[in-house]
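Visitor: I'm new to reading protein structures. Could you walk me through a few features and show me how to read them?

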Amino acid sequence: MKLHRLLCLLCACLTLTGCGALLEREYVTVEPHSSKFWESEAAGTLRAENYQDIVNDLLILIGQHTEGATVRLYNYEDDVTVADALEQATTEVQQETPMGAYAVEYITASSRAQRGYYEISIQISYRRTAEQIQAVVNATSMEALSSLLETALDEGRTELAVRIGYWGEDDQARVEETVAQLREERGLTETPPWTISYYPAEGPVGLIEFVMGGQELPASGENGENLAEES
């Protein structure tokens, strides 16, 4: 009997201490002002320690529609290496990332050596407004496109930008079939054709833009060749 009571007491103690902690589920969220990307002692200044950090910093700035910013670049020792990394990163973001290809007109970057780091001055020119960037929605699958387009029509919107996580070989045909079916169901076949743009222009598509008012939004570069119209 005493042994039974002792075991019960031990179980109760474990429940109140260690076991409770073991059963907890931890998770990590990435915030725009994560200490990994922002300097703690310099308000509004980003930091980067490698090439991927530079790319990530640029995407953070684009997501916030920031036109000018400063980045402190560490672990680089000469001007040529820094210049090459900046040129490669700005080109990748503008041409190979969905949001960069969709929103950015051009990116310029200049560097100045400081003690222990390089100070990078970033300037970004946009061809999409801050409101358009904030209005981009995420689709968990291609099947979700129809519902998103229907909602946009119900709300009286004339454009919709959708970020997608996976792009298959036949997905462009599926997108155009979805648009054709929706236009027919809504009695829109006699209205001006919709414009469908895919970003980036090369490689797997990560963002699709629908202009449903018959007016094509300004586009530049290779994206202008990557349009599909559904009549």
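This is a predicted model: local features need pLDDT of at least 70, side-chain atom pairs count only at pLDDT 80 or more; totals for chains, interfaces and linings use all residues.

Visitor: Let's start with Leu-145. Is Leu-145 buried or exposed?

Guide: The idea is to look at relative accessible area: under 20% means buried, and over 50% means exposed. Leu-145 has 1% relative accessibility, so it counts as buried. You'll find Leu-145 in helix 7, which covers residues 144-154.

Visitor: And which residues is Leu-145 in contact with, leaving aside its neighbours within four places in sequence?

Guide: For a contact, look for heavy atoms within 4.5 Å. Here, Leu-145 touches Val-162, Val-175, Ile-208 and Phe-210. Take Val-162: in sequence Leu-145 and Val-162 are 17 residues apart, yet from C-alpha to C-alpha the distance is 8.0 Å.

Visitor: Okay, salt bridges next. How many salt bridges does the count come to?

Guide: You're looking for a side-chain nitrogen of Lys or Arg within 4 Å of a carboxyl oxygen of Asp or Glu. By that rule, the count is 6. One of them joins Arg-47 and Glu-49, with 2.7 Å between the closest N and O atoms. Arg-47 counts as buried because its relative accessibility is 18%, while Glu-49, at 37%, is partly exposed.

Visitor: What does Asp-154 form a salt bridge with?

Guide: Its partner is Arg-186, and their closest N and O atoms are 2.9 Å apart. Asp-154 sits in helix 7 and Arg-186 in the loop between helix 8 (171-185) and strand 7 (194-199), so this pair ties together parts that are 32 residues apart in sequence. As for accessibility, Asp-154 is exposed at 58%, and Arg-186 is partly exposed at 35%.

Visitor: Which residues are linked in a network of salt bridges?

Guide: That would be Glu-143, Asp-171 and Arg-174. Another salt bridge to look up is the one where the side chains of Arg-112 and Glu-119 meet, at 2.9 Å from N to O. Glu-119 is partly exposed, with 24% relative accessibility.

Visitor: Last one: which residues gather in a patch of negative charge on the surface?

Guide: When you read charge, Asp and Glu count as negative. In this model, the patch brings together Glu-77, Asp-78, Asp-79, Asp-84 and Glu-87.

Key:
Residues are numbered from 1 along each chain as its sequence is written. Side-chain values use heavy atoms; hydrogens and water are left out. Patches are made of residues with over 30% relative accessible area and no salt bridge: like charges are joined within 9 Å, nonpolar side chains (Val, Leu, Ile, Met, Phe, Trp, Tyr) within 5 Å. Accessible areas come from the Shrake-Rupley method with a 1.4 Å probe; for residues, only the protein chains shown count as cover. The place of a charge is taken as NZ of Lys, CZ of Arg, CG of Asp or CD of Glu. Helices (H or I, at least four residues) and strands (E, at least two) are DSSP runs, numbered from the N terminus. Buried means under 20% relative accessible area, exposed over 50%, partly exposed in between (1.4 Å probe, protein chains only).
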